Every structure is written in C-alpha cells, then in structure tokens.
Amino acid sequence: MVLRRVVVTGLGALTPIGNNIQEYWNGLINGVSGAAPITYFDASKFKTQFACELKNFNAEDFLDRKEARKMDRYAQYAMVASDEAVVDAGFNFEKLDKDRVGVIWGSGIGGLETFQIEMLNFAAGDGTPKFNPFFIPKMISDIAGGHISIKYGFRGPNFTTVSACASSTNAIIDAFNYIRLGHADAMITGGSEAAVTIAGMGGFNAMHALSTRNDDPKTASRPMDKDRDGFILGEGAGALVLEEYEHAIARGANIYCEIGGGGMSADAYHITAPHPEGLGAKNVMLNCLRDAGLQATDVDGVNMHGTSTPLGDMAESKAILHVFGEHAYTMNLNSTKSMTGHLLGAAGAVETISSILSLKHGLVPPTINHFTDDENIDAKLNFTFNKAQKREMNVVMSNTFGFGGHNACVLVKKIEI
C-alpha cells in the first residue's frame, strides 16, 4: 500500500505567551515567561501560588455568549485555536467535501473546572441533587472535538485521544495516519487544557510535581537547570490543519511543512516517574525515525518534553544521547515549557507548532531560565539556553511524555514539492 503524504496547511494557538500564532511565536523567540501569580482563585494557602494563565482572554470576544456558557474553558480554548487554524488553511467550503474532513482532538483532563464547580455547589447544598443540565456535556473530554465538527459541519472521523501530557501529540499522529491511509482528506487536530483550577493546582501540589518558587514565578520553570524543582501548570490550546498533499496542492493551499512520521511507546515502569535511563523516551524517538524513514543524523533539533522536573529532564537527555550519539552534540535542543509552562494534554500541539515555525523561520526558540549546569546532564548538549539561535532547520522532532508512561513523538520536515 502506498501511503499518502500529509502536510500542514493551517495553524492556531492560544497560549500563556500569546493569544494567536504571531503573538505566540513572538513570545517564544523573545524568551517571554508566561508565569505569574494565579488570578482565577485565591491561591494564598496553596504550596504553589502561580501558574501560566492566559492573558487578556475573553471567550465572548470569539464566541456567542450563550454558546460560550455551554462550554468548559478547555472547550472554549479549542474553539478559538481551531478557528484560527481553519481560517489560516483557507478552505473553500463550497467545494470542500465535508464527509472527508474530520476532527481528532486531545485533552488530558477535559472539563475539570466544570466538575469542580458542580461538586462544590452540591457539597454546599442540603444534599438535593441540583445540577446544571450542561454539566456532563461541558465536562466530558471528547466534547471539544464535537463542538469543532458541529461548527464547520465536518463529518469525517471524530474522536478524542487521552494519554495525559502526550494527548495532543497522539491526536496529531492519529490524524496523520487517518489521512495517509486514505480515510480522510483533511483533519483538524491538536489539543486544549484548562486545569489551572483549585482541583488542578491542589492535585499536582499533592504529588510534589509543581515548582514552589513563589518568590520568583517567571524563573521557576528551569528545564535542565541544576536547581529545577518542578513544572509550572499552563493552559491553552494548539490547533493544526493536516491535509493530504495532492488535495492541498490542488486547491493552492499555503503549505507550512510535511508531517514525516510519528512514534509511540510506553515506559511500562511507573505511574508518574519516567524510566531512569529514558527507555521509553529512547524507543519513541527511534520509532518515530523508523516511521519517517530517516536516520538520526537527518534531525536538526528536538523540542524536548523538558518539564523542569529533576528526574524527567535527566532521563530525556540520556535518551537523546542514546538515540543520536555524537550527532546529538550538533543539534539544537530546547524546551518551550520554560516559557509557556506545561499545558498538559495541549503541550504536544503547541510544541509541534513551535517546531513547525522553527522550520519556517530558521530560528530556534530558547530554553530560558538557565543559571547553573546540572552535573548529571551532559553540558556539551546545546539546549539553546536563554537566547534564540538562528539555524536552518529541515527536520525537527517534538517529544511529549505523559503520566502512565505514555510517550509520543512527531517529526516535521520542510516540504519537498
């Protein structure tokens, strides 16, 4: 069977450092931190009192007020980012076969705030079950993809992937496969998350997963730094329009890049900790290279999972050395989570978008907040510390790893027409 080529023709982003693609990219290359004290609720009694929230975002600027009230924030974010991507793709809806266009979305948690609100309201009552009729359809993690398909009338494959922080990368890989296997001509894919809530912050604090650097939030996300102490919770969405190559060419679409391949693996080790030698991370990158039909030496850079956790950064660095050998020292590695925080199920989408924009602009966003080398991480690796670096990028990989040992990696490359 001849697999069809898959390209990217639309992008959309809603992040803590920018509410659209251009703002997001400007924030990345200028090393802007999205971390700040939490404004959504009183976090004064929490171990971590800061997060990477969206800035100056009002859902009603983009969505009808009545419709917005039927959606959890994670679904609102999905709608805004996907709309930017669909507009960017420039479809002629009168000629588009909507039976051949689908939506595969990713979210690790879904409507956490909606669940929290309904449970707190119930607990504050007299035991009489009084729930919002939109409680369930606002909360469920598949509803974002449903909303997107309903808005545009896309009747192709439609479902949601859930693999914790690997969710939207898995969504991208699934969308890629549906197109190259001939099941669709185009797919809207990506992910969204809105877990900056009482439950989200409290839960991750209880796991000791978050940084507690309350005195200096903007420098708290420190991937690969000796003094890193956990990740910063972020929120937002990233959306991509994937399209079959000939379909895109026929309609004269603007093509950002080609999706070269995708890899998946499991650590099969621990529910939250990575394999100490990065076994799952190594396997997922090897699987991705194999799927793309490329050699390790073809890769110019890796957008690392790089969460700023003591164990995770070290394990991923070991895995990169194992996969790429001496070539690892010639590559640009970076962690955009140093700026955006960790968007959980949306991380893979916004980081794949960063990788695509690196191809387009020949510029690698920095890993900010590096102050002290970690003696357990090879200092010869180029983590693009603190300042963006110019470099012609032809092939970039993006890693995402989730609780439960879920690993996903997607490879993007410059288009060869």
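Reader: To start, which strands does helix α10 (residues 279–292) lie across?

Author: Helix α10 lies across β8 (257–266), β13 and β14, and runs at about 140 degrees to β8. Some ground rules: this is a predicted model, so local features need pLDDT of at least 70, side-chain atom pairs count only at pLDDT 80 or more, and totals for chains, interfaces and linings use all residues. Residues are numbered from 1 along each chain as its sequence is written, and side-chain values use heavy atoms, with hydrogens and water left out.

Helices (H or I, at least four residues) and strands (E, at least two) are DSSP runs, numbered from the N terminus. Strands pair if DSSP finds at least two bridges between them. Contact means heavy atoms within 4.5 Å. Axes are lines fitted to C-alpha atoms, for helices over the stretch in contact, and angles run from 0 to 180 degrees between N-to-C directions.

Now the sheet: 10 strands form an open, mixed one, ordered β5-β4-β6-β7-β1-β8-β14-β13-β9-β10. β5 (158–161) and β10 (332–334) sit at the edges with a single partner strand each, so one side of each has no neighbour in the sheet. From one strand to the next, the twist averages 25 degrees. Within it, β13 (residues 395–402) and β14 (residues 406–413) run antiparallel, joined by 8 bridges; S398, for instance, has V410 in β14 as its bridge partner.

Another helix, α13 (residues 347–361), lies across strands including β1 (6–14), β13 and β14, and runs at about 170 degrees to β13. α13 also packs with helix α1 (residues 21–29), at about 80 degrees and with axes 11 Å apart.
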